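Open the model in your viewer and keep the selection tool at hand. This tour goes stop by stop, saying what to select and what is there.

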Amino acid sequence: MNRRFLFVLGSARTEGNTEFLARAAAEQLPSDVEREWLRLTELPLPGFADLRHDSDHVRPASDTPAGRLLDATLAATDVVIASPLYWYSVSYLTKHYLDHWSGWLRIPGLGFKEHMAGRTLWGVTALAGANPAVADPLVGTLNNSAAYMGMRFGGVLLGNGSAPGDVRKDTDALARAKTFFAGEAPLARFPHQED
């Protein structure tokens, strides 16, 4: 299967530091790799209702924001979550998108989890501090989501920047962006799993 990258932009700000870093990494992909960019602010998802014990979910129509995101997610070999670090984790827009994965797991006949198994989840984030450890909850959210789904996890490309354009000064992050998508990502594992 040809690789197809879905970049899910989870920032409330357009063209911010996280998006810049994601685009810098995407520039390094081979020209034959398909790329799709979806901005969550432009695809407002309905409120998520946890119906797992009440009823099955219905597949959203393809012409709705949820349907478009579902179709794009299913079509991707690689899903890149580009979310700034908000309160030490992913943005609310990104979390809402991942909440909808829970509903998609319960759509009869879709096989969302089986379809996503073996695909790769990546993360890109900008944080407003010099210590990358503050992004550990964001990294854990993405790693554990990938592990639950049986996906590969390519890690998170971290950059430093608060004000618009700050990440352009982070030469280490820009250097890491050049090789971030190179190589094959390992299968994700929960932290409690033994080696």
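## Stop 1: helix H2

Select Ala75, which lies in helix H2, residues 65-75. The model you are looking at is predicted. Is Ala75 buried, partly exposed or exposed? Its relative accessible area is 36%, so Ala75 is partly exposed. Show its contacts, leaving out residues up to four places away in sequence: Ala75 touches Arg4 and Arg119. Now draw a distance from Ala75 to Ala177, C-alpha to C-alpha. These two residues are 102 apart in sequence and 24 Å apart in space.

Stay in helix H2 and select Ala72. Ala72 has 5% relative accessibility and therefore counts as buried; the cut-off for buried is under 20%. Which residues does Ala72 contact, beyond its neighbours within four places in sequence? They are Leu6, Glu36 and Leu38.

## Stop 2: the whole chain

Zoom out and colour by secondary structure. Trace them from the N terminus: the order is β-α-β-α-β-α-α-β-α-β-α.

Next, the overall dimensions. Along the principal axes, the C-alpha atoms fill a box of roughly 50 × 35 × 35 Å. The radius of gyration is 16 Å, which agrees with the value near 16 Å for a compact globule of 195 residues.

The accessible area comes to about 9,900 Å², and 51% of it belongs to carbon and sulfur atoms. Buried residues make up 46% of the 195 residues. Take the contacts between residues at least 6 apart in sequence: 79% of them join residues at least 24 apart.

## Stop 3: strand S4

Hide the surface and select strand S4, residues 120-127. How many of its eight residues are buried? Eight of the eight are.

Side chains in a regular strand alternate between the two faces of the sheet. Check each face of S4 in turn. On one side sit Thr120, Trp122, Val124 and Ala126, all buried. On the other are Leu121, Gly123, Thr125 and Leu127, also all buried. Both faces of S4 are covered.

S3 and S4 run parallel, joined by five bridges. To find one of these bridges, select Val80; its bridge partner in S4 is Trp122.

The chain gets from S4 to S5 through helix H5, residues 136-149, in a right-handed β-α-β crossover. Val124 has Leu157 as its partner in S5. Gly123 is partnered there by Val156.

## Stop 4: Ser89 and helix H3

Select Ser89. Where is it? Ser89 is in the loop between strand S3 (78-82) and helix H3 (92-104). Its relative accessibility is 18%, so Ser89 counts as buried. Setting aside residues up to four places away, Ser89 touches Pro84, Pro137, Leu138 and Thr141.

Move along to H3. The helix has 13 residues and reaches 18 Å from its first C-alpha to its last. That is close to the 18 Å expected at 1.5 Å a residue.

In H3 the buried residues are Leu93, Thr94, Tyr97, Leu98, His100, Trp101, Gly103 and Trp104. What do they pack against? Select strand S1 (4-9), H2, S3, helix H4 (112-116), S4 and H5: these are the partners of the buried residues of H3.

## Stop 5: Ala188

Finish in the segment after helix H6 (171-177), where Ala188 is found. Is Ala188 buried or exposed? Ala188 counts as buried, at 14% relative accessibility. Without residues up to four places away, Ala188 touches Asn143, Ala146, Ala147, Met151, Arg152 and Phe153.

The separation is 20 Å, across 84 residues of chain.

Terms used: Residues numbered from 1 in each chain as written. Predicted model: local features only at pLDDT ≥ 70, side-chain atom pairs only at ≥ 80, totals over all residues. Heavy atoms only, no water. Helix = DSSP H or I, 4+ residues; strand = E, 2+ residues; numbered from the N terminus. Buried < 20%, exposed > 50% of the residue type's maximum accessible area, 1.4 Å probe, protein only. Contact = heavy atoms within 4.5 Å. Pairing = 2+ DSSP bridges. Right-handed = clockwise from strand over helix to strand, strands pointing away. Expected span 1.5 Å × (residues − 1). Rg over C-alpha atoms; globule rule 2.2 N^0.38 Å. Areas by Shrake-Rupley, 256 points an atom, 1.4 Å probe, with all protein chains shown as cover.
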